[in-house]
Amino acid sequence: MQYKKYFRKTSLKQQDQGNFFLNEIAKKKPKTFLEVGVFHGVTARNVCELLYQIHKNDFKYIGLDLFEVNEENTKEIISNIKFNNPFKTIYFKYIKKQNPYSKEAVEDLLNKFKDNVHLIKGNSNKILKKIDMSKVDYVFLDGSHDYNTVINDLNSCLDTINNNGTVLCDDYNLSYASGVKQAVDEFIKINKFNCNIICNSRFAKIEKN
Ligand SMILES: C[S@@+](CC[C@H](N)C(=O)[O-])C[C@H]1O[C@@H](n2cnc3c(N)ncnc32)[C@H](O)[C@@H]1O
């Protein structure tokens, strides 16, 4: 399957990286997928299309995001929310009349899969502790890039990994946000997990040995 952008922003900007990502998911065929950091929902929609191809309606996608910038979370959000392309700004403001970085707009993009999708607005530091992670087969960790939050998110994923699930961390080698690499390296060393650095060091794939 080809990764599509749906006229929105995504962290998987390069077509080959989007395709690489979908291929990784296809190899594992997860039935319950969790994305931390949904943003505009582009990866969410691609994952739902892929899981529908594999499992028909027998899959679940859980997406978690702050979905707003406020005084408490400015440190966590490193994505540029504004479009560079003025046509996209006009399209969302005057035609869709939506903020693409909102839970409502992402729900709209994922409406085709509404029975399979569960979106949560909140901070991963709090929300992940409330999810039964042993039931999640695959986590795409692409939320905060702050060391403390990433290590906290990874510790919340222990039950997923110990149940033979996979955690794929984005931006492992991001020069301007080294918190991801620091947290991943520490987490795999302490827990003795297997970690593959793939896609030109973009992703860290963590699994049980
Ligand atoms: C790089 S974007 C995610 C891109 C998306 N995964 C994609 O593929 O298009 C990072 C997202 O993480 C969210 N985020 C940052 N810190 C977070 C936190 N502590 N809890 C939940 N979401 C967070 C931001 O709001 C932002 O939308």
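These are my notebook entries on what I looked up in this predicted model.

**Ground rules**

I number residues from 1 along each chain as its sequence is written, and my side-chain values use heavy atoms, with hydrogens and water left out. The model is predicted, so I note that local features need pLDDT of at least 70 and side-chain atom pairs count only at pLDDT 80 or more, while totals for chains, interfaces and linings use all residues.

**Entry 1: salt bridges**

I started with charges, as side chains of opposite charge can pair when their charged atoms come close. My cut-off for a salt bridge is a side-chain nitrogen of Lys or Arg within 4 Å of a carboxyl oxygen of Asp or Glu. How many salt bridges does a search of the whole structure find? I got 13.

I looked up Lys31 with Asp58, where the closest N and O atoms are 2.6 Å apart. Lys31 sits in the loop between helix H1 (15-28) and S1, and Asp58 in the loop between helix H2 (42-55) and S2, so this pair ties together parts that are 27 residues apart in sequence. (Helices are DSSP runs of H or I with at least four residues, strands are runs of E with at least two, and both are numbered from the N terminus.) For cover, I call a residue buried under 20% relative accessible area, exposed over 50% and partly exposed in between, with a 1.4 Å probe and protein chains only. Lys31 is partly exposed because its relative accessible area is 38%. Asp58 is partly exposed too, at 44%.

Next I checked Lys112 and Glu49, whose side chains meet in a salt bridge of 2.8 Å, N to O. Lys112 is in the loop between H4 and strand S3 (117-121) and Glu49 is in helix H2, so the bridge ties together parts 63 residues apart in sequence. Lys112 or Glu49: which is buried and which is exposed? Lys112 counts as exposed because its relative accessibility is 55%, whereas Glu49 has 15% and is therefore buried.

Then I took Glu68 and Lys121, with their closest N and O atoms 3.9 Å apart. Glu68 is in the loop between S2 and H3 and Lys121 is in strand S3, so parts 53 residues apart in sequence are tied together. Glu68 is partly exposed at 35%, and Lys121 is partly exposed at 44%. I also jotted down a network of salt bridges that links Glu24, Lys27 and Lys205.

**Entry 2: aromatic rings**

A pair of aromatic rings is described by the distance of the centres and the angle of the planes. I pair rings of Phe, Tyr and Trp (its six-membered ring) if their centres lie within 6.5 Å; planes under 30 degrees apart are stacked, over 60 edge-to-face, and the rest tilted. By this rule I count 14 aromatic pairs.

Phe33 and Tyr61 are stacked, at 6.1 Å centre to centre with 15° between the planes. This pair links distant parts of the chain, with Phe33 in strand S1 (residues 32-36) and Tyr61 in strand S2 (residues 60-65), 28 residues apart. Both Phe33 and Tyr61 are buried.

Phe67 and Tyr101 are tilted, at 6.5 Å and 50°. Phe67 is in the loop between S2 and H3 and Tyr101 in the loop between H3 and helix H4 (103-109), so they tie together parts 34 residues apart in sequence. Phe67 and Tyr101 are both buried. I also found a cluster of Phe7, Phe83, Tyr91 and Phe92, linked by ring pairs.

**Entry 3: Ser124**

I looked up Ser124 in helix H5 (residues 124-127). Ser124 counts as buried because its relative accessibility is 9%. Its side chain joins that of Asp153 in a polar contact of 2.9 Å. (A polar contact is a pair of N or O atoms within 3.5 Å; within protein, one must be able to donate a hydrogen and the other to accept it, and residues adjacent in sequence count only if both atoms are side-chain atoms.)

**Entry 4: positive phi**

Asn164 has a positive phi near 70°, and it is not a glycine. I found Asn164 in the loop between helix H7 (158-162) and strand S5 (166-169). Asn164 is exposed because its relative accessibility is 56%.

Lys192, also not a glycine, has a positive phi of about 55°. Lys192 is in the loop between helix H8 (179-191) and strand S6 (194-198). Lys192 is exposed, at 63% relative accessibility.
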